[in-house]
Amino acid sequence: MTDVRCAHRLSEDASGPRQYPAYAGATRSLRRMEMTPQRWAFTTAYTNEVFGVQDDHLTELMTEAIEEGLPDIAVSADVGRFLMMLASMTRGRLALELGTLGGYSGIWIARGLQRGGRLLTVEASSRHADFAQRQFERAGVADKVEIRRGPALVVLPQITEELGEASVDFVFVDATKTEYPDYFRLLRPLIAPGGLIVADNVLGTSSTWIDMETPDMHAVDRFNRTIAGDPDFEAVALPIREGVLMARRY
Ligand SMILES: C[S@@+](CC[C@H](N)C(=O)[O-])C[C@H]1O[C@@H](n2cnc3c(N)ncnc32)[C@H](O)[C@@H]1O
């Protein structure tokens, strides 16, 4: 019987030039549902309209964030709800986020935690962290959310030292794209069996797509392939908004 954990393991040359052999074969079955740019825009708008309902606080947060000059790069409401649902499906005692921005995704995650659960969210910009702290207080989740200030690659080893291996139930990765492979290297030992790692932008950003020859997309491609080929994880990427990866540790 095929070991499903290894069936998708990548060949040795996975880190070489990117090739997409499955793509050519896929076009036939996709013909009936051709994803034109217009259809993609419609699909994204439709799913966010139907599944992206959010409360006034989250709507106001984004308006205020933009008024205060924070970049408009938070996840959409449907992705936020997905994060909340996934966090609630884990043991939900300890969650970790890389890239707080204004606290939008952090509030969704905090709402999915079990009673007594905690979220540590890492943010390099003190302006973003200050804004997010106010929003966590307003949203009534400040007692379970702690912002760790500093670059993720510096803060993550400190967190590992402090919490110990296999201590984290849920991780959301949404900071510097070129650092995604290093985030996974540092996060891997932290994730508890049954824990989830979720990452945003695994199919692109507002200006790039995964097959583009940019440092961001090369790094994200390497991150995707590393997790997909890791025998300790089961992973899938969903084409919601800019692509959300979800991987579960055995
Ligand atoms: C895409 S935004 C995060 C959006 C947020 N997760 C949300 O959906 O509401 C990325 C954030 O990560 C922060 N950031 C970027 N590189 C970082 C790094 N190396 N370490 C920590 N934070 C970083 C940025 O300052 C920015 O606030």
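**Exercise 1.** Which helix and which strand each supply at least two residues of the shell around the ligand?

*Solution.* The model is predicted.
Step 1: list the surroundings. The ligand is surrounded by 19 residues, and the closest are Ala74, Gly99, Leu101, Tyr104 and Ser105.
Step 2: assign elements. Helix 5 (104-112) and strand 2 (118-123) each contribute at least two residues to this shell.
Step 3: sort by class. The shell holds ten nonpolar, six polar and three charged residues.

**Exercise 2.** Determine how many residues of helix 5 are buried.

*Solution.* Step 1: apply the cut-off, under which a residue is buried if 20 or more other C-beta atoms lie within 10 Å of its own.
Step 1: Nine of the nine residues of helix 5 are buried, and the helix is mostly covered. Among them are Tyr104, Ser105, Trp108 and Arg111.

**Exercise 3.** Classify the packing of helix 7 against helix 8, and describe the contact.

*Solution.* Step 1: take the geometry. Helix 7 (residues 152-163) and helix 8 (residues 180-187) pack at about 5°, and their axes are 10 Å apart.
Step 1: classify. Angles under 35 degrees count as roughly parallel, so helix 7 is roughly parallel to helix 8.
Step 2: name the residues. Helix 7 uses Ala152, Leu153, Leu156, Pro157 and Thr160, while helix 8 uses Asp182, Tyr183, Leu186 and Leu187.
Step 3: sort them. Seven are nonpolar, one is polar and one is charged.

**Exercise 4.** Describe the largest nonpolar core and the contacts of Ile197.

*Solution.* Step 1: the core has 60 residues, and those with the most contacts inside it are Leu83, Val171, Val173, Ile197 and Val198.
Step 1: leaving aside residues up to four places away in sequence, Ile197 touches Val171, Val173, Leu187, Ile191 and Ala247.

Key: Residues numbered from 1 in each chain as written. Predicted model: local features only at pLDDT ≥ 70, side-chain atom pairs only at ≥ 80, totals over all residues. Near = placed C-beta within 6 Å. Helix = DSSP H or I, 4+ residues; strand = E, 2+ residues; numbered from the N terminus. Nonpolar A, V, L, I, M, F, W, Y, C, P; charged D, E, K, R; others polar. Core = buried A, V, L, I, M, F, W, Y, C linked by C-beta atoms within 7 Å. Buried ≥ 20, exposed ≤ 12 C-beta atoms within 10 Å, placed from the backbone. Contact = placed C-beta atoms within 7 Å. Axes fitted to C-alpha atoms, helices over the stretch in contact; angles between N-to-C directions. Parallel < 35°, antiparallel > 145°, perpendicular 65-115°, else oblique.
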